[in-house]
Amino acid sequence: MASAAQEMAERALRVAISRGDMPPGYRLVEAELVTLTGVSRSAVRQAIDVLAAEGLVERIPNKGARVRIVSAEEAIEITECRLPLEGLLARKAAERITDAEVDRLRAHLHTMTAAVDSGDVQKYSQLIQQLYGMVAEAARHPIAADMVGRLQAQLVRHQFRLSLRPGRPRVSLGGLTALVDAISARDPERAEAAVAAHLGSVIAALSEPHPSGGAA
Amino acid sequence: MAHTTGESAHLLRGAHAKRLAEQRLREEIVRGVVVPGQWLVEPELGERYGVTRNSARLALDVLITEGLVERIPNRGARVRVVSTAEAVAVLECRQVLDGLLARKAAQHATAGRTDSLRDNLRRMRRAGAEQELLEYSALVREHHRLLRELASQPRASALVEQLEGRMVRHEFQLLLRPGQARQSLAGLTRVVDAVVERAADRAESAARAHLQDVIDALLLEPAAA
């Protein structure tokens with residue numbers, strides 16, 4: 001059973017990794033993390049154990065731990081798993097979403113469109129993550145949301161790099177607009193299909209060799 | 001590592017003892033010999049399974065990671081109560097992931113590699129006919145394992161394995177209902193047929209349909225966990 005201190009350390013690490021503060025390859029030094037999080041060394045160690053079991057960080061013999069580098073092949077594999085789970089969440093969101101949540105979703109899409117129009121790739125990338133979070137909340141399916149969250153965390157870097165490809169944000173926005181439309185229309189089948197189409201296009205893009213390189 | 005006293009000298013210890021205790025306890029939970037909410041006391045478990053208290057504790061640790069048992073601070077360990085709502089939520093996740101795995105298995109299927117799936121199905125048919133439900137249950141798990149091997153999607157496999165552990169009691173209890181085993185066999189046969197014929201779309205929908213049957217049956221059960 002995780003202590004509150006351990007959970008706090010886990011959360012802090014997840015946030016830092018997902019925000020790119022601790023990029024792939026970043027060395028996790030227990031003493032530094034104790035200072036960063038304010039919890040005990042053993043809580044930090046246990047938090048690292050949990051994240052290592054998930055594949056977010058890895059232990060290196062005699063050198064501690066580091067944020068794991070996710071290869072292009074793995075990113076594809078992880079996205080393949082995300083596809084059906086996000087589809088489930090989209091379906092449930094379409095069934096359970098409230099009017100207020102629909103309004104917030106539409107407002108968020110508006111913000112995303114503005115980010116793409118102004119070419120703010122960094123912002124757009126963050127907004128995508130938030131969108132999926134809003135869908136997961138509307139779905140009211142904590143087990144699926146938890147699973148997907150852990151998969152998403154490992155894809156942050158790849159998602160960002162994908163958004164840097166010329167023309168990609170516009171394509172992505174199209175896919176996510178279709179998703180928001182389907183959920184707002186409360187059409188579960190269409191919502192699930194929209195996810196499959198969008199993440200299918202992400203998988204296809206990740207599978208293409210690209211000048212900026214495949215591996216993180 | 002435990003100090004051998006005269007009293008515990010007859011008890012098994014080590015990795016073998018831990019595995020034995022794991023299997024015995026899992027089976028007792030699945031069969032309902034030990035029920036949700038029931039407290040699990042290490043020395044008692046040890047005595048019952050013929051292993052040391054330490055081996056019983058290690059077995060409990062494993063079942064805790066699987067979600068079958070939980071530790072309550074200052075109270076001890078007990079069999080987790082999994083509500084119907086939680087069971088359905090877990091099954092919904094499995095449903096979509098099994099769909100992915102069936103699709104991939106169909107894409108990778110070759111004549112040689114699907115033989116084991118068919119053989120397993122035959123054994124399931126025999127166990128079902130003989131009403132050997134524990135055996136049938138184990139063969140269903142074997143079916144899923146074979147499918148995962150064929151699919152070669154390690155990430156999805158790991159996710160499903162995590163989910164599987166939480167559901168064993170519910171799935172087994174459902175099999176006890178009249179007609180359930182027969183329906184289960186029919187559903188899994190459709191999955192295997194689609195995989196053998198390399199029909200990826202059909203394999204995915206057959207896998208989902210099979211889990212939908214389980215979810216529907218679960219929802220028909222009275223409210224007890």
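**Contact, packing and loops**

Modeller: Arg140(A) lies in the loop between helix 6 (121-139) and helix 7 (142-153) of chain A; helices are DSSP runs of H or I of at least four residues, numbered from the N terminus. This is a predicted model, where local features need pLDDT of at least 70, side-chain atom pairs count only at pLDDT 80 or more, and totals for chains, interfaces and linings use all residues. Residues are numbered from 1 along each chain as its sequence is written, with chains lettered from A and ligands numbered from 1 in the order in which they are written.

Colleague: Is Arg140(A) buried, partly exposed or exposed?

Modeller: Buried takes 20 or more other C-beta atoms within 10 Å of the residue's own, exposed 12 or fewer, and partly exposed falls in between, with C-beta atoms placed from the backbone. Arg140(A) has 15 other C-beta atoms within 10 Å, so Arg140(A) is partly exposed.

Colleague: What is phi of Arg198(B) near?

Modeller: Arg198(B) lies in the loop between helix 8 (180-196) and helix 9 (200-220) of chain B. The value is positive, in a residue other than glycine. Phi of Arg198(B) is near 60°.

Colleague: Which helix of chain B gives the most to the side that touches chain A?

Modeller: Two residues are in contact if their C-beta atoms, placed from the backbone, lie within 7 Å. The contact takes 14 residues from chain B and 13 residues from chain A. Two elements of chain B give two or more residues to that side, helix 4 (84-108) and helix 7 (154-175). With eight residues, the one that gives the most is helix 4 of chain B.

Colleague: How are helix 4 of chain A and helix 4 of chain B placed, parallel, antiparallel, perpendicular or oblique?

Modeller: Helix 4 (residues 72-96) of chain A packs on helix 4 of chain B at about 140°, with their axes 9 Å apart. Axes are lines fitted to C-alpha atoms, for helices over the stretch in contact, and angles run from 0 to 180 degrees between N-to-C directions. Under 35 degrees counts as roughly parallel, over 145 as roughly antiparallel, 65 to 115 as roughly perpendicular and the rest as oblique. Therefore helix 4 of chain A is, relative to helix 4 of chain B, oblique.
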